[in-house]
Amino acid sequence: MFKWIAGGLAAFFSIRYLSRLQRASTNITSRIRVRIHKVNLTGIELKAEVTLQNPNPVSLRIQHPFVKILFKDKILGTSAVENAVIQVEENSEKNFDLTIQSAGWLTLIQILGTKMVSDIRSGNPIQLNIQTQVITRVNGLPYEKQENILLQL
């Protein structure tokens with residue numbers, strides 16, 4: 001009889017703990033800022049600053065985020081993939097500075113157009129509506145967030 005009670009309690013607390021982790025992984029929030037870092041012969045290099053916030057009373061295991069930068073659903077650039085798991089403590093946040101290497105100038109001309117690319121190369125002020133996509137795993141569950149950002153040079 002004692003085995004059944006102990007097993008039932010263990011199952012109850014395990015389910016409760018897993019339920020909290022799953023709920024916590026859906027409550028996580030992310031913010032992203034993107035800026036042009038440098039313009040070189042191979043293309044443009046962007047910097048993305050990703051902040052993952054954990055407003056939960058439990059610590060979370062988060063895989064290093066992967067960022068895609070899109071313009072009209074075409075990829076302008078991506079961050080490097082890192083196989084690292086980071087612990088984010090309860091009620092805290094973690095910041096990531098990611099370098100995003102864009103495709104070459106030929107691809108940028110096809111995606112953005114010749115006028116926009118020539119403005120970027122000459123340093124003229126531009127405004128570009130881009131979409132960012134942050135992809136990671138929180139406690140083993142997939143997390144993805146898309147945002148529209150106005151990129152200015």
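Modeller: Residues count from 1 along each chain as its sequence is written, and side-chain values use heavy atoms, leaving out hydrogens and water. As the model is predicted, local features need pLDDT of at least 70 and side-chain atom pairs 80 or more, while totals for chains, interfaces and linings use all residues.

Colleague: How many salt bridges does the structure hold?

Modeller: A salt bridge here is a side-chain nitrogen of Lys or Arg within 4 Å of a carboxyl oxygen of Asp or Glu. One of them joins Arg31 and Glu93, at 3.9 Å from N to O. The structure's count is 5.

Colleague: Which residues are linked with Arg33 in a network of salt bridges?

Modeller: Arg33 pairs with Glu49, their closest N and O atoms being 2.4 Å apart. The network links Arg33 with Arg35 and Glu49.

Colleague: Is Asp119 buried or exposed?

Modeller: Asp119 forms a salt bridge with Lys115, about one helical turn away in helix α3. Buried means under 20% relative accessible area, exposed over 50% and partly exposed in between, with a 1.4 Å probe and protein chains only. Lys115 is exposed at 58%. Asp119, at 13%, is buried.

Note on methods
Helices (H or I, at least four residues) and strands (E, at least two) are DSSP runs, numbered from the N terminus.
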